[in-house]
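Me: I have a model here that I'd like to go through with you, and there is one part I want a close look at. Take your time, and please tell me how that part sits with the rest.

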Amino acid sequence: MTQRIAILGAGVMGETLLSAILSSGHPVDHLVISERRDDRAAELREAYGVEVTGNAEAAAGADVVLLVVKPQDVPALLQEIAGSVAPGTTVVSLAAGIRIEAIASALPDGVAIVRAMPNTPALVGEGMFGISPAPAVTEEQLAAVVTLLESGGKVVVVEEALQDAVTAVSGSGPAYVFYLAEAMIAGGVAEGLDPETARILAQQTLVGSAKLLAGSEETAEELRRRVTSPNGTTHAAITTFDERGVKAGLVAGVAAAAARSAELSAPQ
Ligand SMILES: NC(=O)C1=CN([C@@H]2O[C@H](COP(=O)(O)OP(=O)(O)OC[C@H]3O[C@@H](n4cnc5c(N)ncnc54)[C@H](O)[C@@H]3O)[C@@H](O)[C@H]2O)C=CC1
Ligand SMILES: O=C(O)[C@@H]1CCC=N1
């Protein structure tokens, strides 16, 4: 039986999920969205032919409810839908730092809660979702959520205690890659390339390297070694990175992101 999906909050990530779920073949008449901004709601109704209703109505009729509002808007949204979500409904929260316990305490017993950390490459169908089910979520409910989110990328299931680590690696991770791109482009320009040529060289190098890594049995370290000729150019670059503590700095950055995630998700 085709599940009825409700997307509550249709900003950037909400539209990304809407578009991905519809592209995967989910019928538009089994999907509803709610959105606080009327102009935004009208825009999406027009673009996707999707039904728009209020939060409570959308949640009441759904098998799976996706919460895609900013973390600070989650408590009010939960209050709004608490009386409408039927036991047996699956509620998936994509809000950074909002704990399963906080969602469970705001909703009726018997609601299956899943916490998910997305990332922005979901915009192009290459997202990474780290998801954590509450203990009462059944295999069947979890499998349905995995299938749903796989329309926007890859999904891994982790214990909730590891959500800070997931946030630090894949949630914030696209920013680290863009940071690397910024540095490669700046370095290329400093060597005399025009900015557009430097951008194309860096961009395609990142795309190609990512595809090579994703499609290879080799580790990242092994793939790096293959590029590195003895005493050649890559060796000169990596030696400089190591001397400047670049890898150690990145590892410390991931730790700082995880620590900040833990702070942000601490019970209030
Ligand atoms: N790891 C990452 O890089 C990303 C994480 N996220 C997560 O996804 C969530 C949504 O983020 P974005 O889509 O970027 O935010 P956004 O601000 O673009 O969209 C949120 C939407 O929710 C609507 N909204 C707020 N309160 C509402 C309510 N009570 N009822 C109905 N609609 C309401 C807003 O009008 C807005 O359109 C966040 O919680 C964020 O943590 C999103 C994008 C990337
Ligand atoms: O920077 C942040 O706090 C959020 C969480 C992961 C990505 N963006």
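Over residues 160–264, what percentage of the chain is helix and what percentage is strand, and how far apart are the end C-alpha atoms?

Reply: Bear in mind that this is a predicted model. Over residues 160–264 the chain comes out at 81% helix and 0% strand, with the end C-alpha atoms 14 Å apart. UniProt, in an unreviewed entry, lists that stretch as "domain: Pyrroline-5-carboxylate reductase dimerisation".

To place your stretch, start with the chain as a whole. It has 268 residues, of which 31% count as buried, and its secondary structure comes to 12 helices and 8 strands. Along its principal axes the C-alpha trace spans about 65 × 40 × 30 Å. Among the contacts with a separation of 6 or more, 63% involve residues 24 or more positions apart.

Ala96, Thr167, Gly171 and Ser172 surround ligand 2. By class that shell is 1 nonpolar and 3 polar residues, again with no charged ones.

Now for the rest of the chain. Over residues 4–97 the chain is 39% helix and 19% strand, and the end C-alpha atoms lie 26 Å apart.

The strands come together in an open sheet of 8 strands with mixed pairing, in the order 3-2-1-4-5-6-7-8. At its edges are strand 3 (51–52) and strand 8, each of which pairs on one side only.

Follow the order towards strand 8. Strand 5 (residues 90–93) runs parallel to strand 6, joined by 4 bridges, and Val92 stands opposite Val114 in strand 6. Strand 6 (residues 112–117) then pairs with strand 7 in the antiparallel sense, over 4 bridges. In that pairing Ala116 has Ile131 of strand 7 as its bridge partner. From there the sense is parallel again: strand 7 and strand 8 (residues 153–157) share 5 bridges, with Phe129 opposite Val155 in strand 8.

What is its setting, and why can it be called largely enclosed? 7 of the 7 residues in strand 7 (residues 127–133) are buried, so the rest of the structure largely encloses it. That goes for both faces: Gly127, Phe129, Ile131 and Pro133 point one way, Met128, Gly130 and Ser132 point the other way, and all are buried.

Then there's ligand 1. Its shell has 28 residues, and Gly9, Gly11, Met13, Ala95 and Ala96 come nearest. Ala96 is also among the residues around ligand 2. By class, the shell around ligand 1 holds 14 nonpolar, 8 polar and 6 charged residues. Helix 1 (12–23) and helix 4 each give at least two residues to that shell, and the largest share, 3 residues, comes from helix 1.

You'll find Val68 in the loop between strand 4 (64–67) and helix 4 (74–81). Val68 counts as buried because it has 26 other C-beta atoms within 10 Å, and the cut-off for that is 20 or more. Leaving aside neighbours within four places in sequence, Val68 is in contact with Ile7, Leu8, Gly9, Met13, Gly14, Leu17 and Leu94. Take Gly9 as one of these: Val68 and Gly9 are 59 residues apart in sequence, but 5.0 Å apart in space, C-alpha to C-alpha. Gly9 and Met13 are also among the residues that come nearest to ligand 1.

So, back to your part: residues 160–264 are 81% helix and 0% strand, whereas residues 4–97 are 39% helix and 19% strand.

Conventions: Residues numbered from 1 in each chain as written. Chains lettered and ligands numbered in written order. Predicted model: local features only at pLDDT ≥ 70, side-chain atom pairs only at ≥ 80, totals over all residues. Buried ≥ 20, exposed ≤ 12 C-beta atoms within 10 Å, placed from the backbone. Contact = placed C-beta atoms within 7 Å. UniProt positions renumbered as here; feature names shortened; annotations may be inferred. Near = placed C-beta within 6 Å. Nonpolar A, V, L, I, M, F, W, Y, C, P; charged D, E, K, R; others polar. Pairing = 2+ DSSP bridges.
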